[in-house]
Amino acid sequence: MILRRAQFELAGRVVGPFLASLDVWKRQLRRRRRAPRESPFGPPLESVRKLKELMTAHYFQGRFADGAVPVAWVTSGFPVEILRPLGFHAVYPENHAAMCGVQRLVPGLSDAVEAMGFSRDLCSYARTDLGSVVTGRTPVGRLPRPDLLACCTNICQTVLYWYRALADHFHVPLVLVDTPYVYGEAKPHHVRYVRDQLEELVRVGERISGRRAEPEALAEVARKAKEGTDLWADCLATGRSRPAPWTGIDGFFHMAPIVALRGTDTCNAYYRLLRDELRDRVRRGIGGIREERHRLLWDNLPIWFAVREVATLLAERGFNFVCTSYTNAWAEAGSRIDPRDLIGSAAFSYTHIILNQDLPNRLGILRRLARDYAVDGAVLHSDRSCKPYSIGQVDLKERLAAELGIRVLLLEADHSDPRAWAQEQGENRLTAFMESFG
Amino acid sequence: MAVAVLPIHYPKEILTALDVLSVELWGPPGAPRGDGAGRIQSYVCSLARNALAFMAAGGADAVDGVLFPHTCDSIQGLATLATDFGGWGKKAFTFLHPKGPARESSRTYLEAELRSLVRDLEPFAGRRLEPARLAAAVALHREIDACRAALLDGRPRLAAGDPELYALLRRGEWLWPEDHLAELREARDRFREGPIRPGIPVLVSGYVPEPPALLEVLERSGAYVAADDYAAVGRRVVRAAAAAPDPWQAVLDRYWAAPPCSTRSADPDERARYLTGLLERSGARGAILHILKFCEPELFDVPALRRAFAARGVPVLVLEGELELELSGQAVTRVEAFVEMLAAGRAA
């Protein structure tokens, strides 16, 4: 146990950052050897190096987490702030699945679980993650075995079925935080229900970790989570400048710490660095793309396996995604957290995230983003794997176009599975969309 | 007053006690038509797509309100889409039942949610929920369930064809409960028990028995449904609830005593145990998992159910449908081949 803990600490503090630096150095070397290519993007963000270091260290440390510290696998919308003071190392299967998506590993992983009877119509994140678990294949070397599975239905019901399958595989406790969907206003008994479940979570977490959730420690993590959320919101807000200092696509990658490391000093330090760099770029007029002619909003998850291709196709014609509803969600989830009452405020806050609220609320967010970021168009990713995010987009498209006078495209794809993406057709639709701007 | 109710689980006793007729909206089957037809993407389950198109086209205008239970992401989305963005202009109610196993928090919450629903329904119904009426409604639905259970459990000896029996059972989706009970009683007498019927008994689990032609094909092929776990039919028959003297407690007990259902996030192993028990009691020799395409709650349970059946050497046919009006030729062939295989005593 002591040796394992030492390995864990060493991996996180020394070896992980070293390997990440080595990787960055190798990439830079490769890049220098290549002939310079014409790129429609602005100069890359310096913070990327730190981001890679951070996430590599996180995943590398994770390899040694089981046996050293309690490990929880959690959904992206789970109030992880409650687990951190108990010493849990949090693993985000969605974040891991996104990495698999970027590296186009999904078909192979999905095939493994499809052979077990899981349908291809199920969420590709779930298929990816379950596939990774049963095959042991992962781009991060190894995921630590969980002691606890923690699932919150505020992003979808799918996570509950997915985590049940994980619980069946690992034979570990599954904690469910069931968040009633908010039509209009959440009723008091809905929030009370979530609060009761969070209190149940504390008891389970204490039992597994063997530690007490001290009020001061909970307050401290809540304060850090709130600060991290605010810093992330500051980073996103720089996109309001013209030109935007980064692209929405950059935002998809830079959101990893606010998802996976929320409530930690590391996370906040990173976003201070990123915010300062972005503000500096704004001052110097450096854009995320070289020539920003049109500003777009992106709705829904990214198409991870084609994110660069789509962004490049658009950037070459002067189109930049300056805001996305997905990255924005992480700037809002923790903003209502109150360090004086973590459990109560988390119950309210996590019940009110974008995917757990009705369509008028969603339209309001899109409308506000479109206005604040002065976009002249929007792409709504109709995501086969994310029904809660996608239902209603046909109407949202019509309403955004009619109310704001912007051009809106509904683009069907999948966030992770390239087999559900018709590249030629998709690119044709995007090209025609851009042509409509004249 | 009448309300259209989307699948699956809702407190029918409370509606009955308030004198509100529930008319369940399982689609309806067929291709969605009208202005609302394209408003939900084709990769979403046909039930949600059809229901929106049907409501937007005025198909449900005969009722005075609609109730959306918290069944899945699709029905949850449909509830806001139809009521907030057009398709349903009358009163709308939601019943956000808890997910997962019965916990202290979910038991407390369920009661609060039911009381909240009653507060919303009372002005609509124009009457208060009286304990005596609720007690009578619970008793009524208990008897309905007992009749339905008797018909379903006595299937191998019942002198009735599957299409006829299912037509009867499914009339409970829209008849006044008293009328439904009367015909169930009458059927219980009419479908007198006889010798065990010839044919191959099978278990069917799924969402809704649509199209009914499936039952005809089974019968024609020499099989019959000996055990039913359709969400629309057998999965809502409560057999085990104790008769609590307090009617509120009785409603809660009935909710928790219902058979395990994927849409309430029942543990797949518990479901598998329930289904294998059903299989053994009924003598079914094969299982058909009749899945509604894109239905995530049902699809996620398929591997666990297949494993459970395979462990007992029970052949399984997974049949996907999209609420078609007719069974496709391919599906007919698959059902026929499955029954032939069972008849030959071969494993899947």
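Reply: Start with two strands of chain B. Strand β1 (residues 2–5) of chain B pairs with β2(B) in the parallel sense, over four bridges. Strands are DSSP runs of E of at least two residues, helices are runs of H or I of at least four, and both are numbered from the N terminus. Two strands count as paired if DSSP finds at least two bridges between them. One of the partners can be named: Ala2(B) has Leu21(B), in β2(B), as its bridge partner.

A note on the model itself. It is predicted: local features need pLDDT of at least 70, side-chain atom pairs count only at pLDDT 80 or more, and totals for chains, interfaces and linings use all residues. Residues are numbered from 1 along each chain as its sequence is written, while chains are lettered from A and ligands numbered from 1 in the order in which they are written.

Now the whole sheet. It is open, has four strands, and runs β2-β1-β3-β4 in chain B, with parallel pairing. β2 (21–24) and β4 (91–95) of chain B stand at the edges with a single partner strand each, so one side of each has no neighbour in the sheet. Neighbouring strands are turned by 30 degrees against each other on average, direction ignored.

A helix packs on this sheet. Helix α4 (residues 104–125) of chain B touches β3 (65–69) and β4 of chain B. Contact means C-beta atoms, placed from the backbone, within 7 Å. The direction of α4(B) makes about 165 degrees with that of β4(B). Axes are lines fitted to C-alpha atoms, for helices over the stretch in contact, and angles run from 0 to 180 degrees between N-to-C directions.

Definitions and conventions. Two residues are in contact if their C-beta atoms, placed from the backbone, lie within 7 Å.
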